[in-house]
Each structure stands twice: as structure tokens, then as C-alpha cells.
Amino acid sequence: MLTETARVTPLTSANAAHMFPALSSAQIARIALHGLIRPITQGEVLIEGGQTNVPFFVVKAGEIEVIRPSGLGDLLIAVVRADQFTGDISMILGRPALMRLRVSESGEVVQLTRDQMHALIQADAEMSEVLMTALIYRRIEMVAQGIGDALLIGFAHSAATLRIKAFLTRNGHPFKYLDIDGDADVRALLDRFRVDPGELPVLICRGEKVLKNPANHEIADCLGFNGGIDHAHQRDVVIVGAGPAGLAAAVYAASEGLDTLVLETSSPGGQAGSSSRIENYLGFPTGISGQELAERAYAQAQKFGADVTIAKSAVDLTCKRSPYGVRLEDGATIPARTVIIATGARYRKPLLANLGQFEGVGVYYNATFMEEAQLGSDDEVIVVGGANSAGQAAVFLAQTGRRVDVLVRADSLSESMSRYLLRRIEETSMIQVRTRTEIVALEGHGRLERVRWRDGAGAVSTHDIRHVFMMTGAEANGGWLNRRVALDAKGFIKTGPDLTTEDLAAAQWPLERSPYLLETSRPGVFAVGDVRCGNVKRVASAVGEGSIAISFVHRVLAE
Ligand SMILES: Cc1cc2nc3c(=O)[nH]c(=O)nc-3n(C[C@H](O)[C@H](O)[C@H](O)COP(=O)(O)OP(=O)(O)OC[C@H]3O[C@@H](n4cnc5c(N)ncnc54)[C@H](O)[C@@H]3O)c2cc1C
């Protein structure tokens with residue numbers, strides 16, 4: 001039944017040419033070389049929602065309806081006609097199908113298995129461009145319209161609701177959000193799923209399974225983010241962290257034929273994924289949002305065959321020699337001939353007694369449209385920090401005309417801040433930079449209501465500001481390694497020429513050769529990007545290091 005609406009086809013309304021291009025007969029013939037041609041019959045279900053290992057179809061004759069199945073009523077999303085093809089990026093990511101495909105007019109299709117489709121896009125550059133562009137555009141539209149298999153019901157000013165929204169969004173998963181206070185029908189829906197409003201937020205997967213305030217790994221399991229990934233199998237390279245450095249390493253490793261697994265605690269993109277706009281990365285003259293860059297890199301790594309495990313943290317590196325073991329929090333240990341540590345950095349939290357109480361309800365560590373949506377249009381905000389990420393946040397938050405106070409402990413903004421950001425801050429009258437100023441107290445009941453700061457003269461004043469964006473100096477995400485590789489005094493990982501004779505003696509370096517560039521005090525274990533001692537905290541350098549490390553991985557594998 002199609003109850004939500006009779007024959008509305010939302011996915012054909014915008015960007016139709018990108019989403020549903022017509023293939024030429026020569027292109028269809030090339031695709032057919034990889035699969036089989038078969039008849040389809042009206043009423044036949046080719047793919048069911050939630051099905052794994054999804055096949056790919058090119059329609060030669062007839063029509064296929066794309067339907068979002070749901071316990072709340074099915075919705076017709078699009079109709080795939082002759083010369084067009086089915087599919088969504090889930091196929092490339094190895095995730096379950098979000099849609100049901102049903103034949104609405106008998107005809108004939110070319111059918112490829114998921115593996116045959118992978119082989120096609122790896123071997124045929126022209127088809128890869130046409131197919132990947134369409135799949136990415138379809139996913140962008142589904143995310144924008146909230147057409148998927150997940151329904152989130154939550155409320156404003158809830159840290160847990162914001163966390164789940166951020167997790168789904170950063171993982172590029174389409175979902176619909178309903179607010180208990182803003183949407184009239186929500187209470188009836190909660191009754192239907194037997195959820196008490198006190199149990200919010202809830203995530204309803206595929207209209208069936210109700211998860212009450214789920215942890216990120218429970219969401220990943222329910223939506224099938226990690227289906228089919230074998231953690232017992234020995235890999236040529238295990239990459240820990242899917243920020244720019246880890247994703248770049250994954251793209252090069254997988255495209256060069258290495259058996260590659262990436263582990264990610266949260267979502268692909270790392271710090272860069274939380275940037276509102278990256279304007280200094282080569283090749284994007286008008287800038288690109290961190291989210292978009294991350295989504296593209298994630299799809300690219302999977303297109304070449306890298307496995308990416310989401311919402312699973314590495315907690316230790318076992319064994320002194322290759323094969324190493326990368327232990328996960330659930331106790332599994334993944335055997336790895338080589339390891340790339342790309343776990344990046346995170347903001348150092350200021351020492352404020354009740355900071356944790358306001359995280360997500362007034363205190364934020366990212367400044368993207370998701371956090372911005374928590375703010376009223378006239379709300380004043382504070383950005384704490386003097387480096388690039390703080391500058392970017394201030395400019396982003398001031399662009400809608402709201403007042404932004406940038407608090408910096410030092411005498412000026414950081415010397416490392418890009419000149420284009422300094423200029424924008426100077427030219428934006430709504431931004432006020434307050435040097436030698438720091439927050440001394442956060443106050444509020446249930447959410448942040450007031451901030452007290454001390455200025456350069458030592459005077460403490462109180463301000464009714466309800467939103468603080470913390471973007472203070474970074475510390476390395478290296479604690480999980482339990483000091484099994486040599487670190488510098490600040491906890492960043494030493495590599496190559498930074499390793500002293502004493503470091504190597506302490507680590508019992510077993511080889512005659514010295515460590516390669518980016519190699520740690522353990523042979524075949526590399527560190528790249530922001531977690532590495534001497535890194536330069538830029539997307540381009542993280543990407544560069546991730547890529548370079550793979551050439552050394554090949555050398556180690558050949559030793
Ligand atoms: C808001 C903001 C804006 C920025 N803007 C720019 C810009 O415009 N231009 C620019 O060049 N640079 C910018 N940067 C800096 C840039 O984003 C970083 O230098 C870059 O992201 C570093 O990449 P990375 O892969 O080394 O680490 P990260 O980006 O930190 O990624 C590390 C990843 O590892 C994961 N991880 C951590 N521990 C574990 C574990 N134990 N197991 C599994 N996974 C783990 C994390 O979840 C994360 O996804 C910005 C940074 C921020 C925060």
C-alpha cells in the first residue's frame with residue numbers, strides 16, 4: 001500500500017538530471033558484459049528494504065518503482081525507466097537497502113551483483129563517474145528530504161538528541177526528525193510504539209525496532225553500518241581513525257590492492273568533518289563543507305574496496321611484532337600485518353567545574369549547521385580559542401547577524417590563524433575579539449544560562465549568554481595506545497627522524513634499518529596526521545601523510 005501519498009515521486013523533483021541520467025545503448029552494452037540480462041515481471045519485488053548484498057539493475061525495457069517501506073505507510077520515491085539504473089550509495093558502502101524495488105511495468109534489465117558492480121566502477125572510469133555521481137546525488141537528496149529508514153523523536157536543548165542527530169548526519173544516513181514539542185502527531189506515534197515521553201530521544205529503525213536513547217554503536221548495529229565486515233581475518237593494513245589522514249590512507253591502500261580495514265570511533269571525517277567550510281584545501285576554490293569532503297572520501301575509500309567499521313574504537317595495540325593485534329572495545333582483536341595510527345586530536349577541555357553538565361545544552365565543541373540550529377536567531381554566542389577553528393566558527397556564527405565574542409587567553413589571535421580568516425574577523429562588525437580574557441564560571445539550571453569571564457584587567461563580569469563554542473588547543477588522541485609506541489612530552493607520537501637512539505633502544509627496535517618517515521618505534525606501525533608529533537594541523541598535510549604512509553607500508557610488506 002502507498003498510503004503516505006499516492007504517486008508523489010520526491011526524488012525526481014530536484015537535480016533529476018544528475019540523479020537519473022539516461023545511459024546510451026553503448027554504455028548499457030558495456031555494463032551488460034559484467035552481469036546478465038533477464039526479464040522482469042510486473043509486481044515482482046527485486047529488492048526488499050533492509051536486504052543486504054543488494055544487486056544493481058539497469059532497465060532496458062519496463063519500469064521499476066522505488067518505494068520506502070515503513071510501518072507508517074509506504075512512500076513512492078521514484079520510478080526508474082528505460083535506460084536508467086537503480087541504486088543508492090548504500091550499495092557501495094555495503095549497507096542494507098533503504099528502499100524496496102518493485103516492477104511496475106514488465107520488461108528487461110541488466111542485473112549485476114554488488115561485487116560485479118564494484119568491479120565495474122573500479123575498472124571503467126567513465127561508468128564510475130556516471131554511476132557514482134548519481135548515487136551521491138540521490139543520497140544528498142534523501143538526506144535533505146529525510147527519506148530513509150530511521151525516525152528520530154527527540155526534543156530541543158537535549159544533548160542526547162543532538163548527539164544522535166550529529167551521528168546520523170555525519171555518517172550521511174537519511175533520517176526524519178520529529179520534535180515532541182513542535183510536531184502535533186508525535187504523541188500518538190509515541191503511544192503506538194509504547195514510548196513514554198520521559199524516555200526520549202528514541203530512534204525507530206525501519207519502522208519496527210525502537211531504540212531508547214541508543215549509544216552510537218547500537219545505532220550503527222541497528223542500521224547495518226558494519227554488516228559483513230570480518231574482524232577475524234588478517235589485513236595487510238589496519239587504519240585506526242577515519243579523519244582526513246585515515247581516509248586518504250584507505251583510498252591509496254585499497255586502490256593499490258591492499259586488504260584494508262579502517263576503524264572509526266564515531267563518524268568519518270574527524271575534525272575536518274566538523275568544519276563549516278574548508279577554504280584552503282587544494283582544488284576547492286569556493287570551499288567545501290567538512291561534511292561533504294568526508295562523505296566523498298568515505299565513498300571513495302569504499303569504492304576501491306576498503307572496509308570501514310563505524311562506531312568501534314581501538315583500545316590497544318597488542319603483540320610486539322607483525323602481525324600486530326588491534327584490540328576493539330568489545331574484546332575482538334584484529335590481526336594486522338601493518339597498522340596506521342590516524343586517531344588525530346581533540347580539543348583540550350578548560351578546567352571548569354560543571355562543564356560536563358552543559359555539554360550539548362549550551363557548550364559545544366563543533367560549529368556546524370547542526371549546533372547552529374540549537375540557537376535562536378538573536379542569541380549571542382561566545383567562541384573560545386584563537387586558532388583557525390575558532391576563527392572559522394566565529395565567522396560562520398556571525399554570518400546571520402548575531403553577535404559573537406571571541407575569548408582568547410593570549411594577547412592576540414594565534415599567529416597560525418589563516419590571513420583570510422583574520423581579515424574576515426576584522427571586517428565583521430558583529431565579532432568582538434577579547435584578548436587576555438577567559439571564562440571562569442558557567443551557570444544555569446538544566447541548560448547554560450549565564451557565563452562569567454575575567455578580562456585582562458582582572459575584572460570578572462556576568463553575561464546572559466547561553467551558547468559557548470569551545471575551540472581551544474588540541475591534545476593527541478593517543479591514550480588508547482597505552483604508550484606502546486614512543487611519544488613526545490605532550491603525548492604526540494614520534495615517527496622517523498624524531499625518534500632518538502634512546503627511544504629505539506627502549507622500544508627494542510629489532511631491525512638494522514632506521515624507521516622510515518612516519519614509522520613509529522615499532523616496525524610497520526605508522527602514525528599520520530594530527531596525532532603525530534610535529535604535525536601542522538591542516539587537512540592537506542593529514543591527507544598527504546596518509547597517502548605517503550602507504551608507500552612505506554608496501555616496503556614493509558615486501559621486507
Ligand atoms: C572546526 C575545525 C575546522 C578546521 N578547519 C580547517 C581548515 O579550514 N583547513 C585545514 O587545513 N584544516 C582545518 N582544520 C584542521 C583539520 O581538520 C585537521 O588538521 C585534520 O582533520 C586532521 O586530520 P586527522 O585525520 O589527522 O585527524 P582527525 O581529523 O582528528 O581524525 C581522527 C579520527 O580518528 C578517530 N579516532 C580517535 N580515536 C580513535 C580510536 N581509538 N579508535 C578509532 N577511531 C578513533 C576520531 O573519531 C576521528 O574521526 C580544522 C579543524 C577543526 C576542528
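## Surface and overall form

The accessible surface of the chain amounts to about 23,700 Å², and carbon and sulfur atoms account for 49% of it. The model is a predicted one. Of the chain's 559 residues, 56% count as buried.

The C-alpha trace spans about 80 × 65 × 45 Å along its principal axes. A compact globule of 559 residues would have a radius of gyration near 24 Å, so the chain's value of 25 Å agrees with that expectation.

## Secondary structure and contacts

The chain contains 16 helices and 26 strands. Among contacts between residues at least 6 apart in sequence, 68% join residues at least 24 apart.

## Charges and salt bridges

There are 57 positive and 64 negative side chains, and the centres of these two sets lie 3 Å apart. The whole structure holds 35 salt bridges.

One of them joins aspartate 236 and arginine 337, with an N to O distance of 3.2 Å. This pair connects strand β10, which holds aspartate 236, to strand β15, which holds arginine 337, across 101 residues. Aspartate 236 is buried, because its relative accessible area of 15% is under the 20% limit. Arginine 337, at 31%, is partly exposed.

## A salt-bridge network

Aspartate 405 and arginine 434 form another salt bridge, at 2.8 Å from N to O. Aspartate 405 lies in strand β19 and arginine 434 in strand β20, 29 residues apart. Aspartate 405 is buried at 1% relative accessibility, whereas arginine 434 is partly exposed at 24%. Both residues belong to a network of salt bridges that also includes Glu380 and Arg403.

Technical notes. Residues are numbered from 1 along each chain as its sequence is written. This is a predicted model: local features need pLDDT of at least 70, side-chain atom pairs count only at pLDDT 80 or more; totals for chains, interfaces and linings use all residues. Side-chain values use heavy atoms; hydrogens and water are left out. Helices (H or I, at least four residues) and strands (E, at least two) are DSSP runs, numbered from the N terminus. The radius of gyration is taken over C-alpha atoms; the globule rule is 2.2 Å times the number of residues to the power 0.38. Buried means under 20% relative accessible area, exposed over 50%, partly exposed in between (1.4 Å probe, protein chains only). Contact means heavy atoms within 4.5 Å. Accessible areas come from the Shrake-Rupley method with a 1.4 Å probe; for residues, only the protein chains shown count as cover. Lys and Arg count as positive and Asp and Glu as negative; His and the chain ends are not counted. The place of a charge is taken as NZ of Lys, CZ of Arg, CG of Asp or CD of Glu. A salt bridge is a side-chain nitrogen of Lys or Arg within 4 Å of a carboxyl oxygen of Asp or Glu.
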